[in-house]
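Good morning, and thank you for coming. I would ask you to keep the model in view while I go through a few of its parts.

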Amino acid sequence: MRRILVLIWSWSLVISCFGEVKYIPASDDGLGLRRDLLPMDTDLIRDIAEKLAMVAEGDVPKDGLEMRRRVQALTLSLELFSKGRRAEMALISLEGLENRPPAGQEELEKVRDYLFWLADGMVKSQKEKEGYRLGQLMFDVLKPLEPEHQLLVRHDAEGELERWKGVVEGPLVYAPVPEDPGPADPHLEDDVPEKPERKEGYQFYEVGNSMPIIYEVKEGKKTFSRTEMSMVTLSVSQENFGKKFRFEPKANFNINELGKSARRFFEQRGRPLPGKNDLTLKFSGKSYDKRNGANITGLLAMLVDSAISGRQLRKNTIFIARLRKEGDLERARWAWRLLKQLDESPLPVGTRVIVGKGMVEDIRAMMVLGKAKFFGRFEFIEASTFEEAREFYFEDGKVEDDFRTAQERYQFVLSKAPRTGLTVGHLMSGGYGKTLRKARELSKHHLSARILADTSEKFPTILPTWILGFEFNQRLALLHDFNFGKDSTGINELRDLYMKGMKSIESLEKAVSEQDKVHYERAVQLLSYLRSAARVLGNKDVRDRKSRRNEMLNRRWNEIRKFRDGMKRFRTDMWNLASARENR
């Protein structure tokens, strides 16, 4: 079941309304793999090549991403064994845009598992060697097939573009946006087929998309929260029942009001929900936690709207906003946590993220922390109302020409970024800042263009207080939860903990305002207790005099207690700083 949900999620994110897919051969230069340096014999190399060709077989790709994956798989297969018959036949089919029957499903699953296992082994044991490079190239090919495979934790996703640069083009090249054919010829109007008659009631009985959610985790007596991407699917009962509203898995709070507010929202707009169908909101993986608050309201209303109107949701798009009863869209609760999850997720480059008003500081904080590449992966669109968001979210949405022009300027700047990804230096050179500032003037909705234009004028350096509080709380969690022992925690361990703690917060030193500097100084003071405790037992005089050892152990334990008790209070204070923004 989980594999099915993952595949649905991947499909919903990568397919977009591009033109007809086309085949573009890989560069003749090849990947330059040194087979003589691979840690395997010729038979194993040929076996890997054969299995890579197997995962490139199937029906004609329907989108640019799948075409690119097939080209990658065959390029790597032929790089390993240039006379591979299976790869050659698959390539001929791909060139002619013809179907090639794949192996059976069960056999393919075994092949994928085998390739994942081989790739993982090479990445683990051949760091910085040719085997490591082959392992990462195999992960690149396999990831679109199983985006959440457990072995992908070792996949260097950020390095994929560099590994294939100049050899295999990006997915948009394989399925370009079709050119505008211009106004229709009025003499051909009679030849246009009539649209099918629209049925009454719901047009779709199941519609969904992904969003980051917060969920609850229990480990022993401890309860804490985590964030992950979840596929959210609205399922409409195909017969009238009792207008019931459910979450699957069941939420840990009463959701009745969410269901009632969704119905009221459409009633107030003269579009009451048809019939008495039950509505079920299904979450892949974990259940929707009460910490999310009303974050689901925006996506819920959009899914219901799509199910009623029959308008398709735009693929490769995420919607993160709280919907108010008046139709306004606002910043999502715990927005910073959700953005961090986006950054860690395997979402494809070019994913559109629609947000409500008030998210600028959260998104800009990514730049403060040196994550310029984040803005090369995600395109943020700001919509202040539900009606505005519909046009950015539906495939047939109508957006202003100024927005399209702003988007083109933004995408032009990204296309000229270094191969390693977007950098601040790129934004401030070559006249790109001027291009972005023009995009900012053209459209208030293109949030990415606005933030990058602002950055080209003045780099942001200060984190908002609530984000600083959250970062301190999370980065020092490991030290807070460490199980210190009066006799068992030694000098080296204490020194390591001190160094880890300082390293975890060093990037925050220059990101604090004068007002918040006291929080950083307090964290450094607490960590100094660990260094002091290590020094007590590191003193040569103490080691030589056994009679004083117990006294020194007590002194060291006092330093550890100061750290432990102080850290508990500090993290609580930092969490309160972060929560203050979310409880407004």
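I begin with Y132, which is buried, with a relative accessible area of 16%. Buried here means under 20% relative accessible area, exposed means over 50%, and partly exposed lies in between, with a 1.4 Å probe and protein chains only. Y132 belongs to helix α6, residues 130–142. From Y132 to D120 there are 12 residues in sequence and 8.9 Å in space, C-alpha to C-alpha.

A word on the source. This is a predicted model, in which local features need pLDDT of at least 70 and side-chain atom pairs count only at pLDDT 80 or more, while totals for chains, interfaces and linings use all residues. Residues are numbered from 1 along each chain as its sequence is written, and side-chain values use heavy atoms, with hydrogens and water left out.

As for the chain overall, it has 24 helices and nine strands. Both are DSSP runs numbered from the N terminus: helices are H or I with at least four residues, strands are E with at least two. Of its 584 residues, 50% count as buried.

Let me turn to a sheet. Three strands form an open sheet in the order β5-β8-β9, with parallel pairing. Strands β5 (317–320) and β9 stand at the edges with a single partner strand each, so one side of each is left without a neighbour in the sheet. Two strands count as paired if DSSP finds at least two bridges between them. Four bridges join β5 to β8, and T317 stands opposite R352 in β8. Strand β8, residues 351–355, pairs with β9 over five bridges, and T351 stands opposite F378 in β9.

How many residues of β9 are buried? In this strand, residues 378–382, five of five are buried. In a regular strand the side chains alternate between the two faces of the sheet. In β9 both faces are covered, with F378, F380 and E382 on one side and E379 and I381 on the other.

Helix α14, residues 386–393, lies across β5, β8 and β9 and runs at about 175° to β8. Helix α18, residues 447–457, lies across β8 and β9, at about 105° to β9. Axes are lines fitted to C-alpha atoms, for helices over the stretch in contact, and angles run from 0 to 180 degrees between N-to-C directions; contact means heavy atoms within 4.5 Å. In α18, eight of the 11 residues are buried, among them L447, I451, L452 and S456.

H426 is in helix α16, residues 424–427, and is buried, with a relative accessible area of 6%. Leaving aside residues up to four places away in sequence, H426 touches V413, K416, A417, P418 and Y432.

Finally, which residues lie nearest the centre of the second largest pocket? They are T223, F224, N473, D481 and R571, out of 17 lining residues. A pocket is an open set of points on a 1 Å grid over the protein atoms alone, where a 1.4 Å probe fits, with protein on both sides within 12 Å along at least five of seven lines; lining residues have an atom within 4 Å of a point. Thank you.
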